[in-house]
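Subject: Structure for you to look at

Hi,

Here's the structure I promised you.

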Amino acid sequence: MSALLPPSSLAVPEALQQPVWPDPEALRTVRERLRTALPLVLPTECDVLRRRLAAVAAGKAFVLQGGDCAETFRDLSLGTVSRKMDTLFGTADELSEAMFLPVVVVARLAGQYAKPRSQPVETRDGVTLPSYRGDAVNGPEFTAEARTPDPHRMLQVYAAAGATLNAVRSLLTERRTALGQREMFVSHEALLLDYERPLTRPDARTGDSYAGSGHLLWVGERTRQTDGAHIEYLSRIRNPVAVKVGPTATPAEVLALVERLDPDREPGRLTLVARMGADRVRDALPPLVESVAAAGGQVVWICDPMHGNTYNAPSGHKTRHFDAVLDEVTGFFEVHRSLGTHAGGLHLEMTGEEVTECVGAGVAPADLPLRYETACDPRLNRSQTLELARLVGELATPVAG
Ligand code: PEP
Ligand code: MN
């Protein structure tokens, strides 16, 4: 640690996966503009979601969380938002009818613009540039200009997220007249703390701090260190929060997260998103679920069957097989059934478009190049998402009697 840092900074935990912004003055200006901007979501809405998730924790509801791995400015349109919503609602209806449970819809939307990367730089043909970290940070094109982190992009994210939420709210109003009451919440990974912290503000009613960027924020597998800056940030906000847990997570780590993020054991406050991989879920998940239950945790357990099942196809495309996705969900339900706990939900990378990014259920490996459009991880297309819901519905149908 540099001797130039004041002693108080010793207490500030390190934030992993943050971009190196080349222009500190520009960053200061952007942070100040975000600090004085209107919040995108209301504390009261976040409280409603916490209550919905409390019903999930109690086994009386199911949650469907889904959307792109990474939203992009390029793909944002009324059509893409509308089709994503339709696919999420169609999936939720399918699950709801099979399970006889209400399904809470939480989109990965209106803020999912920053990505963790395994390598800070990327080398192509002898040229090394910063990795693409999502549209919130830099551009995907492999040029020095595009890859240089630009804090002004966070203002673009704020504008895009605001416009997306405006579309969501309008579409919900339009559908409400046709379909009755429909609710949708928005969520994203709280990765970029230079975006999240300035958009956090106290609720006028209680003085509690709420993230203004989305209803539910989660911390990913790579930034979930109990003493790290991301978990510290989640611990300070009153929104419902989630943490991804992979196959290397130990019961002690998960218990430390429960203690840190949900010391009062408040149902709906904390969601744990298990992303184990189809080959690990049956052995890696039970000790975690059991230790949380033993510690009195009232968490929601959600299955992310995407991130543990990624591989490179011979064509070079990063993909996932539909059968592995279904197998992980099946294992997740088996584990909860055998422990007598509630399989609370699904977390999917999906889209309303008929892309060809995941194989199986109608997409052959040779189809991958046809519509491979993701900016990051491969998504289930609309048909694959609905097919998964149908099959999950079958395995989750309560046994009569
Ligand atoms: C993601 O959700 O896109 C992601 C990076 O997941 P994880 O943190 O589980 O790896
Ligand atoms: Mn992803």
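Let's start with the second largest pocket: its lining splits into 12 charged, four polar and four nonpolar residues. Keep in mind that this is a predicted model. That pocket holds about 390 Å³ of space. Of the 20 residues lining the second largest pocket, the ones nearest its centre are Pro-116, Arg-222, Arg-275, His-307 and Asp-377.

So what takes up the space of the second largest pocket? That would be ligand 1. The residues around ligand 1 include Cys-69, Arg-108, Lys-244, Arg-275 and His-307. Sorted by class, the shell around the ligand has six charged, two polar and two nonpolar residues.

Now zoom in on the oxygen atoms of ligand 1. One oxygen is 2.7 Å from an N or O atom in the Lys-115 side chain. For Glu-221, a polar backbone atom is 2.9 Å from an oxygen of the ligand. With Glu-349, the side chain has an N or O atom 3.0 Å from a ligand oxygen. On its own, ligand 1 has 300 Å² of accessible area, and the protein covers 98% of that.

Then have a look at the largest pocket, with about 520 Å³ of space. It's lined by 21 residues, and nearest its centre are Arg-117, Tyr-132, Pro-140, Arg-147 and Ala-375. Strand S3 (residues 121–124) gives the largest share of that lining, three residues. By class, the lining of the largest pocket has eight charged, seven polar and six nonpolar residues.

Cheers

Key. Residues are numbered from 1 along each chain as its sequence is written. Chains are lettered from A and ligands numbered from 1 in the order in which they are written. This is a predicted model: local features need pLDDT of at least 70, side-chain atom pairs count only at pLDDT 80 or more; totals for chains, interfaces and linings use all residues. Side-chain values use heavy atoms; hydrogens and water are left out. A residue is near a molecule or strand if one of its heavy atoms lies within 4 Å of it. A polar contact is a pair of N or O atoms within 3.5 Å; within protein, one must be able to donate a hydrogen and the other to accept it, and residues adjacent in sequence count only if both atoms are side-chain atoms. Accessible areas come from the Shrake-Rupley method with a 1.4 Å probe; for residues, only the protein chains shown count as cover. On a 1 Å grid over the protein atoms alone, a cavity is a set of points where a 1.4 Å probe fits but cannot get out, and a pocket is an open set with protein on both sides within 12 Å along at least five of seven lines; lining residues have an atom within 4 Å of a point. A molecule sits in a cavity or pocket if more than half of its atoms lie within 2 Å of its grid points. Ala, Val, Leu, Ile, Met, Phe, Trp, Tyr, Cys and Pro count as nonpolar, Asp, Glu, Lys and Arg as charged, and the others, Gly among them, as polar. Grid points are joined across faces, edges and corners, and a volume is the space filled by probe spheres set on the points. Helices (H or I, at least four residues) and strands (E, at least two) are DSSP runs, numbered from the N terminus.
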